[in-house]
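Morning, everyone. Please look at the structure on the screen while I talk you through it.

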Amino acid sequence: MHIDSLLGKWLLLPVLALALFTYLGATPTVNGQTAASERIVVTGDDVTSAYGAPGGFSRARFTPTTSAYVLPPWTFYFGEIYEGDAFRHGLPDHLFTQEVEMGLPYRFGVAAETELERFNGGGGFQTVSIEGRYALADWNKIPLNPTLFAEYKFGVGTIRHEEGPPPPPGEEEEESGPPKVPDAYEFRLLLAEDFGEHVEWAMNWFFEKENTGDRGREWGFAQSATLPILLEKERLKVGAEMEYKNFTVKDTRGDPIHSFVIGPTLSYRTSHSTRFDVSTLFGCTDDSPAVQVFAIFSFLLGPGTEQGAEAPVSTRNR
């Protein structure tokens, strides 16, 4: 499997998504609904809707590698995230992230994260992050429902596992100790859409830049598509996701590291406010981890999360 062919196929999805959205959006509203009633969108699960979005897009995090849209106002998302990277050579890396996000009125959201790393017998806090996102319009008012995302990461630990190439011989001796994790900023464009009342899709484009140290720079994209298996309140969903990263440091701008992983994903809602996600992604390039495993437990807290008042998937968009 060549990465060029994989990227070509996956990059076609936004174009197909836009074409399908245009077709579905041209379908006339039935039963003479008024302008006010058109703003009420019935979703296929019992998660509180964010500005008319289906429940799968109203949780802020869509799958382990992709985010989508925003939370409903005054709703809180809590997530415990595990990422395990197994490399072709060397020891595995384990990352643990705690995430809390709050939805605000007018399609805004704010969040905070802490990340811990366990590698080669050592571990500790790596970064503390603050985040913000803004959806440009209510759901289905703009094709692919674009959402803007910004994050600033404060480095609070030491680098235990270098993402880039090792330093030149002799340079590491000049350091007085392990290098500190640098501060960094990141921007993302979040896209999302649901098709044919069943398939849900999200894509993230991202750019991250370290402020100090090796001034690492990373850009790429991730995308996911899921399909409900247990249709009653869409309790179980399966799908596929992938992620491409292009990483360089100040001395390797012309020779980037290419990482491309792809594999299955599954989400199971244990209740109307809690969900468990797991993904197993396989590396397709020499620079990729051999296997990446994600596991996320999350729950929602806020207005409407204590009741389920929405219809099964067969009634979506009626």
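Let me start with a term. A polar contact is a pair of N or O atoms within 3.5 Å; within protein, one must be able to donate a hydrogen and the other to accept it, and residues adjacent in sequence count only if both atoms are side-chain atoms. Here is one case: the side chains of Ser 279 and Thr 265 are joined by a polar contact of 2.7 Å.

Now the ground rules. This is a predicted model, where local features need pLDDT of at least 70 and side-chain atom pairs count only at pLDDT 80 or more, while totals for chains, interfaces and linings use all residues. Residues are numbered from 1 along each chain as its sequence is written, and side-chain values use heavy atoms, leaving out hydrogens and water.

First, the overall picture. The protein chain has one helix and 14 strands. Helices (H or I, at least four residues) and strands (E, at least two) are DSSP runs, numbered from the N terminus. How much of the chain is buried? Buried residues make up 44% of the 318 residues. Buried means under 20% relative accessible area, exposed means over 50%, and partly exposed is in between (1.4 Å probe, protein chains only).

Next, contacts, meaning heavy atoms within 4.5 Å. Take those between residues at least 6 apart in sequence: 60% of them join residues at least 24 apart. The accessible surface of the chain comes to about 15,400 Å². Carbon and sulfur atoms own 63% of that surface. These areas come from the Shrake-Rupley method with a 1.4 Å probe; for residues, only the protein chains shown count as cover.

Back to Ser 279. Where does Ser 279 sit? Its place is in strand E13, residues 274-283. Ser 279 counts as buried because its relative accessible area is 1%. Leave out residues up to four places away in sequence, and Ser 279 touches Pro 64, Glu 241, Pro 264, Thr 265, Gln 292, Val 293 and Phe 294. With Glu 241 there is a polar contact, side chain to side chain, at 2.3 Å. Ile 296 is 17 residues along the chain from Ser 279, and their C-alpha atoms are separated by 9.2 Å.

Why does Gln 223 count as buried? Because its relative accessibility is 0%. The Gln 223 side chain makes a polar contact of 3.1 Å with the side chain of Trp 201.

On to rings. Rings of Phe, Tyr and Trp (its six-membered ring) pair if their centres lie within 6.5 Å; planes under 30 degrees apart count as stacked, over 60 as edge-to-face and the rest as tilted. How many aromatic pairs does a search of the whole structure find? Twelve. One of them is Phe 221 with Tyr 244, a tilted pair, 5.9 Å centre to centre and 40 degrees between the planes. This pair links distant parts of the chain: Phe 221 is in strand E10 (residues 217-230), Tyr 244 is in strand E11 (residues 236-248), and they are 23 residues apart. Both Phe 221 and Tyr 244 are buried. Elsewhere, Phe 57, Phe 62, Tyr 69 and Trp 139 form one aromatic cluster.

Now charges. A salt bridge is a side-chain nitrogen of Lys or Arg within 4 Å of a carboxyl oxygen of Asp or Glu. The structure holds nine. In one of them, Glu 99 meets Arg 61 at 3.1 Å, N to O. Glu 99 and Arg 61 are both buried.

Then there is Lys 153 with Glu 186, a salt bridge of 3.9 Å, N to O. Lys 153 is in strand E7 and Glu 186 in strand E8, 33 residues apart. Glu 186 counts as buried because its relative accessibility is 6%. Glu 186 also forms a salt bridge with Arg 188, the closest N and O atoms being 2.9 Å apart. Salt bridges that share partners join Glu 151, Lys 153, Glu 186, Arg 188 and Glu 208 into one network.
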